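Hi there,

Here is the structure I promised to pass on.

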Amino acid sequence: MTQHSHHHAHHHGGHTRNHEAALADLLDLDAEVFGAYLDPVAEWAGQRTRTTPRRVVDVGAGTGVGSLALTRRFPSAEVIAIDRSEMMLERIRAAAHGQGVADRLSVLHADLDAGWPAVEAADVVWAASSLHEVADPDRVLRDMYGALNTDGVLVVVEMDALPRLLPDDLGLGRPGLESRCHEALARLDWNSHPNWRTHVERAGFVDVEERSVSSEATPAPPSTGRYAQTFLRRIRSALDGQLATDDRDTLDRLLAVDNPDSVLHRGDLTVRGSRTVWTARRP
């Protein structure tokens, strides 16, 4: 399972809540920096619908940035955001009130590993960076099939690769730090997922289409430094004991708030990322 997307622990306690709060912050920053893909993907989903959607379900909604995009694209629809983290659902409630859509955007606490929740049939089911998080994706896809009305649309979104934020040569240590970190994370199965096309077809869906959507920004948005700091902290923690000493020291310099080399103070950060989107229809 990826540690970057909507991965929430099942146990409780202060440490878990702190972890979820940090993850929620990262998801919100990710939307600020890389979220330009959301509205075009929601628009594509709208183009694939054959009737005006009345109910839309966001599966593994995280902090609800996808749910909010869906409320914008489908102004006459009820949007239901499902997540297994109460903290994430609190964020969604607050965002819905803040954007004046609390009357159309509701939340539902559910763990899909325990079964599909009791929701009325939907016209669109959206799963962004969440399908690879469940224990049995094929069963969940069958549940999604059963949860859709005839001609209902499924949307699955996954990150192609981890985001690129650093220049190859930082002027610190050996060039290529980010690539080496990504290679090490790949060995830990971060952001690991299959091409979902065959799984979607096996669940009974038809008319499967696939697109790649890139996110790039030059210059990088103002929040990129905070995003880089939050994301690199997670990388630093995940790779503790697995990095060469010089790479670990370089990461620590990038993360130190009071260091002039900190990502918070650099003007050479990049924003490069891409996602794959699959859409399909229930016949």
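Let me start with helix 6, whose buried residues pack against helix 8 (224-238), helix 9 (245-255) and strand 7 (272-281). Please keep in mind that this is a predicted model. Helix 6 covers residues 177-187, and its buried residues are L177, E178, C181, H182, A184 and L185. Looking down the axis of helix 6, these buried residues fall within an arc of 160 degrees, so they line one face of the helix. Just past the end of helix 6 comes D189, which takes a positive phi of about 70 degrees.

Next, helix 3. This one spans residues 65-73, and G66, S67, L68, A69, L70 and T71 are buried in it. What do those buried residues pack against? The partners among the helices are helix 2 (38-48) and helix 4 (86-98). On the strand side, they are strand 1 (55-59), strand 2 (78-83), strand 3 (105-109) and strand 4 (122-128).

There is also a record to go with the model: an unreviewed UniProt entry lists residues 56-152 as "domain: Methyltransferase". In the model, that span is 34% helix and 28% strand, and its end C-alpha atoms lie 10 Å apart.

Is D30 buried or exposed? Its relative accessibility is 9%, and buried means under 20%, so D30 counts as buried. The side chain of D30 also makes a polar contact with the side chain of R275, at 3.0 Å.

Key:
Residues are numbered from 1 along each chain as its sequence is written. This is a predicted model: local features need pLDDT of at least 70, side-chain atom pairs count only at pLDDT 80 or more; totals for chains, interfaces and linings use all residues. Side-chain values use heavy atoms; hydrogens and water are left out. Buried means under 20% relative accessible area, exposed over 50%, partly exposed in between (1.4 Å probe, protein chains only). Helices (H or I, at least four residues) and strands (E, at least two) are DSSP runs, numbered from the N terminus. Contact means heavy atoms within 4.5 Å. A polar contact is a pair of N or O atoms within 3.5 Å; within protein, one must be able to donate a hydrogen and the other to accept it, and residues adjacent in sequence count only if both atoms are side-chain atoms. The arc is that of the directions from the helix axis to the C-beta atoms. UniProt positions are given in the numbering used here, feature names are shortened, and annotations may be inferred rather than shown by experiment.
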